[in-house]
Amino acid sequence: MSPLSNLAVRDIETVVHPYTQLAALRETGPLVLERGEGVFVYDTEGKPYIEGMAGLWCTALGYGNEELVEAASAQMRKLPFAHLFTGKSHDPAIELAERVKELLPFPTSKVFFCSSGSEANDTQIKLVWYMNNALGRPDKKKIISRLKAYHGVTIAAASLTGLANNHRDFDLPIARILHTGCPHSYRFAEPGESEDDFARRLAAELEQLIINEGPDTVAAFIAEPVMGAGGVIVPPAAYFPEIMKVCRKYDVYMISDEVICGFGRLGTMFGASALGYAPDSVSLAKALTSAYLPLAAVSVPQRMYEAMLDESRKIGMFGHGFTYSGHPVAAAVALKALEIYARERIADKVARKAPQFQGRLAALGNHPLVGEARGLGLVGGLELVADKVTKRSFDPKAAVAPQAVRFAQMEGLIVRFLAGDVISLCPPLIIKPAEIDELFDRLARALDRTLDWSSRERLA
Ligand SMILES: Cc1ncc(COP(=O)(O)O)c(C=O)c1O
């Protein structure tokens, strides 16, 4: 192993890294990035990488977008900070709320701003609880999420997240957060069960959970259209229509977590449209600013807003909000990003590029290591298995997907491993057809190197 650079050593001695095997990092050191252009990022040695994950599913417009930089610097010069507390406001927040309302494909009354996907989902829970207190149903408070969901890491959002490592030893989940089944047919459908039957079974399971808990105690259901960090899981086509019937039947507020899928990722402006449902509310973040600055948003329907009015009248105020709610510089960048998405017809372009992307992804399904290749639009996942026929997974201790990600990095490609030996792909939406081919060529070489390595190590 090459000696660690000075920056790498300083990093190890000072920075706590999220989502990292902290002990291993002390040996390997971090990959230190310095700059980016288009879909490429460059490390401190000048080596280029295709950013196959758009950072963390977020830099939709890639790197070096001067329009976004200009929008930020102009707003910084004009009014670098203003808040929305105690009746204050500013132009960028007002305009952005109007724009988000126009874009959402279902009725929305108001928009609440915060800075991260986790804050957005925490806010969703608080708003649902607040609403149900205002509506005089104080017991209707439980929130149903799904196994393998990812909704963030703050205490409530991490509780919604359905992944063991986000709960273990953090004493989570908190009370009143429940998890129902995950719509991944490759892993969870019964032998011989059709996708439609699987979807109906999951909807029946949700209904049974609501009945068992008592419909008067269940407030909301939250779901990502395509699950991201849980393994890039695309539900069967019948899943959301069936789930929505159950939510409507029991007056369960439906929240679509569009933090990854919003703004074109699936070839439609919002993921809910691609998956055929209309939620009560969305959580937005990431591509809202193309990740150039932190910003998130929660949409509020009229029914909830009216309840909030009543409750704040009673209490004397609506006691929720962050210093950076609607930060003017972040809002100005978001307005510019939304302008670019509309001008460039970004969602249509994703839909046109998707067949090439999904075709190259599906072809990797033939690789001896790949159990399932899955995706939609410009997001994809490859589940690596020890045995394609029985779907037997590798021993997690063998860390096969992490090894594949290391080989990809050597090939000049950044991808991510997720629990269950899944490799995820989520490139900037501006990726060009030739770059899609280059991405998959590099990934195929990385998989071949992983296969050689796993044979040498006798891992299968
Ligand atoms: C679907 C989804 N929701 C919420 C979050 C949490 O967002 P943040 O990391 O900004 O708190 C993420 C992050 O990846 C996400 O993918």
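Q: Two strands pair if DSSP finds at least two bridges between them. With that settled, which residue is the bridge partner of Ile 255 in E9?
A: Ser 281 is the partner of Ile 255 there. Helices (H or I, at least four residues) and strands (E, at least two) are DSSP runs, numbered from the N terminus. This is a predicted model, where local features need pLDDT of at least 70 and side-chain atom pairs count only at pLDDT 80 or more, while totals for chains, interfaces and linings use all residues. Residues are numbered from 1 along each chain as its sequence is written, and side-chain values use heavy atoms, with hydrogens and water left out.

Q: Got it. In what sense do E8 and E9 pair, and over how many bridges?
A: E8 and strand E9 (residues 281–284) run parallel, with three bridges between them. E8 also pairs in the parallel sense with strand E7 (residues 218–223), over four bridges. There, Ile 255 of E8 faces Ile 222.

Q: How does the chain get from E7 to E8?
A: Through helix H11 (residues 239–249), in a right-handed β-α-β crossover. Right-handed means that, with the strands pointing away from the viewer, the path from the first strand over the helix to the second runs clockwise.

Q: Is E8 mostly covered or mostly open?
A: Mostly covered: five of the five residues in strand E8 (residues 253–257) are buried, that is, under 20% relative accessible area, where over 50% is exposed and in between is partly exposed (1.4 Å probe, protein chains only). Tyr 253, Ile 255 and Asp 257 point one way, and Met 254 and Ser 256 the other.

Q: Switching to the ligand, what does Asp 257 do there?
A: An N or O atom in the Asp 257 side chain is 2.7 Å from a nitrogen atom of the ligand. A polar side-chain atom of Ser 118 is 2.5 Å from a ligand oxygen, and a polar backbone atom of Gly 117 is 2.9 Å from a ligand oxygen.

Q: And how much of the ligand does the protein bury?
A: The protein buries 83% of the 390 Å² that the ligand exposes when taken alone; areas come from the Shrake-Rupley method with a 1.4 Å probe, and for residues, only the protein chains shown count as cover.

Q: Who else is in the shell?
A: Among the surrounding residues are Asn 121, Tyr 150, His 151, Glu 224 and Lys 286, where near means that a heavy atom of the residue lies within 4 Å. Helix H6 (residues 117–134) gives the largest share, three residues.

Q: Nice. Which peptide bond is cis?
A: The one joining Leu 172 and Pro 173, with omega about 5°. Pro 173 sits in the loop between helix H8 (164–167) and strand E6 (177–180).

Q: Last one: what does the side chain of Ser 325 reach?
A: The backbone oxygen of Phe 113, at 2.8 Å. Ser 325 counts as buried because its relative accessible area is 5%, and its place is the loop between helix H13 (302–315) and helix H14 (328–343).

Key
A polar contact is a pair of N or O atoms within 3.5 Å; within protein, one must be able to donate a hydrogen and the other to accept it, and residues adjacent in sequence count only if both atoms are side-chain atoms.
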